[in-house]
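Thank you for making time this morning. I would like to walk you through one structure, so please have the sequence and the model open while I speak.

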Amino acid sequence: MLTQALSWPRSVKRLVVVTLDAGLNLLAMWLAFSLRLDTLHWPEGLQWRVYLLAPVLALPIFVHMGLYRAVFRYNGIAALLTTGRAVATYGALLLALLVLTHWEGVPRSVGILQPLILLLLVGASRALGWLWLTGRTSNARHRLLIYGAGVAGAQTAAGLAGARQYALRGFVDDDPRKTGSSINGARVHAPGDLPALVQRERITDVLLALPSVSHERRRDIIRQLSELPVRIRTLPSLTDLASGRVGLTDFQDLDIIDLLGRPPVAPDQSLLERNLRGAVVLVTGAGGSIGSELCRQILSAHPARLLLVDHSEYALYAIHHELQALHDQGAHRCELVPLLADVADPRRMGRICRTHRPGSIYHAAAYKHVPMVEANAGEGVFNNVFGTLNMVRMALEHGAQHFVLVSTDKAVRPTNVMGASKRVAELVLQAMAASSQPPFDTLQATATWRCPTRFSMVRFGNVLGSSGSVIPLFRRQIAAGGPITVTHPEVTRYFMTIPEAAQLVLQAGAMAEGGDVFLLDMGEPIRIVDLARRMVALSGLTVRDPAHPAGDIEIRFTGLRPGEKLYEELLIGDNPLPTAHPRILRAREEYLPWPELHALLQSLQAAARQGDEAAIRHWLARLVPGYRPAECASS
């Protein structure tokens, strides 16, 4: 019956409500006469005129004041107030007509009693309709608790009134003064009541409505909830709500920061702006996960012009469209220049640098997917090594003051081509910074020549939420019912968020003195299988294993992929040096002088051009002493 009623056309629904109000109007008139005359009433004589007049007078007023535009299941205080104003207007007109007409047998007090009764009946009909449409919680897919009984929680509860898929069963709040109180008819409970409450009310979801709580307290709450068989959700961000992209009831999975297990690294705004304010800045790989976030962070430092370089047309379009929309909204005044280009193409990159003269270059373009680069070693070397070398040359030839290479922890004692190629890219920058002679014929030699560009590189671990991250993969696998695929039970990785990574790159570049290798104090590495288990638990599901054969999601171990290590490192040497930022360290790494490096690079380039993968790995091993390709399956 309910499903059929909801499927009726809008015009049919309005006709039903209009008919209901006409009937309630007649019922109110009968009750008014019966109360006034103190007997069960049957109209006679001129009294019939009043019965006919009442709906004819009331319904046009109700239509004019919008009573039939409201949707029952979304009715709230505003709709009730509108009903009160409409009935008051109708009552005033009815009383005035009865006073003026002096119809025999019609007490004038009926003009007061009938509108009051009508207000009660119409209000009751709306309330019963709302309860009928929204109050059947037994069929709701999600039985919900809201953690946080503040303004955000109360507003969310009000927004849930018309959401049939959620049945609100209560609130939980840390404030003991709120325990036992009620919000929108839902009781507020203490955190200690959670286990019993989840079991008693068969809770399926817990929504975190905690916009102002500290990160530490949020982690404690998530840790407590992860032990319960519930899915943990969170409110959309204020930015998404304000933009209209989502509504208040479009709950989201936990933020990536909640999966990190440590508080994010806070940026130093003065470092972020040091090399950027008023400057021309070039970002390669601008459409990638790190490159696009670099562009967003750079804009907050107010550069004069931002050059977006990428080889992917769609990726470049996407980031340019996003940043241009912010420009059109007045969020920044930076000139944006989208440039399709291959960083290994000297002619194209030369034209770009000659035309725009960038003062700072952030080189994020690289092939980073380990198995993919392992299977395409020649292309990986061309892009990661010789693309970097070409960008270094452009920086020197066209007067860039700062050059920052986005590197990876896989460059430390690498077991794969990707990591080795990134370490060679680091060696290029280190050799350039230490060179006392111009490394290229196009640069003018002088007796006191010093490298005019400050080269630096930044190493960090895996980035949560990037296109190649395990987080989106695990979420898709959980949504599909599993299994979650993990390569090895002992695989560990360092993790950071995309904004953290971008801020680190910008801040480290501002501290560079030349040839610096920066890395982030990222805390302890995380076991990938533990991350998978945490994501399963936060989804309100359980892991299926020999100890729990009835669990929901299986974790399947697939074996290490080509070139993959069990664990990653950030340092080649020992005893890193502190910097002005408490979480950024400066490493002291060995390097090859440019003449020696240059000769080896020529051999590597020849092998890459011939597609000789054995020779590529041989020359990478000559360039990178820690490169151990034969150990990739056992390290």
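By the rule used here, a side-chain nitrogen of Lys or Arg within 4 Å of a carboxyl oxygen of Asp or Glu, the count comes to 21 salt bridges. Please keep in mind that this is a predicted model, in which local features need pLDDT of at least 70 and side-chain atom pairs count only at pLDDT 80 or more, while totals for chains, interfaces and linings use all residues. Residues are numbered from 1 along each chain as its sequence is written, and side-chain values use heavy atoms, with hydrogens and water left out.

Let me take Arg459 and Glu589, whose side chains meet in a salt bridge at 2.7 Å, N to O. This pair links distant parts of the chain, 130 residues apart, with Arg459 in strand S13 (residues 454-459) and Glu589 in the loop between strand S23 (584-587) and helix H21 (594-610); helices (H or I, at least four residues) and strands (E, at least two) are DSSP runs, numbered from the N terminus. Are these two residues buried or exposed? Arg459 counts as buried, at 0% relative accessibility, and Glu589 is buried too, at 10%, where buried means under 20% relative accessible area, exposed over 50% and partly exposed in between, with a 1.4 Å probe and protein chains only.

Arg393 and Glu397 also form a salt bridge, again at 2.7 Å, N to O, but both lie in helix H16 (residues 377-397), 4 residues apart, about one turn of the helix. Arg393 is partly exposed at 29%, as is Glu397 at 25%.
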